[in-house]
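Here is a short note for a colleague opening this entry for the first time. Please read the points with the model in view.

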Amino acid sequence: MELKNDLLLRAARGEKTERTPVWMMRQAGRILAEYRAVREKAGSFIQLATTPELAAEVTLQPVDLLGVDAAIIFSDILVVPEAMGLPYEMIEQRGPVFPATVHSLKDLEKLHVAEPETDLKYVLDAIKITKQGLENRVPLIGFAGAPFTIFCYMTEGKGSKTFSVAKKHLYADPEFSHALLQKITDSTIAYLKAQVVAGANLVQIFDSWAGILSPEQYRIFSLPYIKQICDAINEVPVTVFAKGAFFARKEISELSCEVVGLDWNMDIRESRALIPNKTLQGNLDPCVLYASYDQIKIEVKKMLEQFGTQRYIANLGHGVYPDTDPDKVRCFIESVKEYSSL
């Protein structure tokens, strides 16, 4: 069955579009009262993410309520380490916490390469249910965390401003670091391929903590593993979003991905010059959505003028913040549609 709205996929492939497609990272979330109602019914974030019917319900909400051009499956990047044998908890006001962490090759022996059809079946089921609910209206995006970002949580055990525990391993025990990164990479490739089989039309790799590494460390401990994933996923377009890795845009442009996501600190015209042969995605500062409606329209128009309307997917430069007014979000989405239409 052909998609009724395939703007995102055509833009990703570099094909001409009659307007710019638009969606938002974290669009299925706390900005919507409807999401909060389902979250309350589920009882916890993890229960919501691991109950396919509920995960599908909140995945569909932004399509129905906000008018975005794609759905992104409701899940978490940390389902991969859990599937490898390292469970996590989601603590209110604190975020994810791993009761156990890994720090040695001996610790690594206790982990296994994830088997998506068993370890992550609930995500695959959620994708299948979502596809039915979408009825071919828009594409469905699958995703996973980049190996280095997952490595950070598996060694640090929680979020951090510096991830100094994780970075210490890169310098003090590179053998262990590469072994863990490879196991994460193998798990991620299997997981993303299973998402595609289940129905994902495009997949995105989130390297959320790319910006904490030096350019040299990023080239050693992140890019080679992202490259493996990009090389392995050739069934659907791939987006790489490496937050803070402004220094690696040239190297990212050489990956076998179709789309490169930009955060709001990455200059648009400079990025076009560094990444000439890919579709770009981004990169409005999420805080713009706290501004007046008129100011949001001005900022969207300015962004579109710099990106151009072709080989471009409109998005924020990071996830939408949970206290953002849904009407301001709609203003952003509608402004992109209005100003980019041919």
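1. UniProt, in an unreviewed entry, places the feature "domain: Uroporphyrinogen decarboxylase (URO-D)" at residues 21-30 and 141-157. Such annotations may be inferred rather than shown by experiment. Residues 21-30 are 0% helix and 0% strand, with end C-alpha atoms 23 Å apart. Residues 141-157 are 59% helix and 29% strand, and their end C-alpha atoms lie 27 Å apart. Helices (H or I, at least four residues) and strands (E, at least two) are DSSP runs, numbered from the N terminus.

2. The model is predicted: local features need pLDDT of at least 70, side-chain atom pairs count only at pLDDT 80 or more, and totals for chains, interfaces and linings use all residues. Residues are numbered from 1 along each chain as its sequence is written, and side-chain values use heavy atoms, without hydrogens and water.

3. The largest nonpolar core has 128 residues, of which Tyr218 and Phe332 touch the most other members. Helix H11 (residues 174-198) gives the largest share of this core, ten residues. Such a core is a set of buried Ala, Val, Leu, Ile, Met, Phe, Trp, Tyr and Cys residues joined through side-chain atoms within 4.5 Å; buried means under 20% relative accessible area (1.4 Å probe, protein chains only).

4. Which residues does tyrosine 218 contact, leaving aside neighbours within four places in sequence? Asp207, Ala210, Leu213, Leu223, Pro224, Ile226, Ala242, Ala245, Phe247 and Ala248 are in contact with tyrosine 218 (heavy atoms within 4.5 Å).

Methods. Buried < 20%, exposed > 50% of the residue type's maximum accessible area, 1.4 Å probe, protein only.
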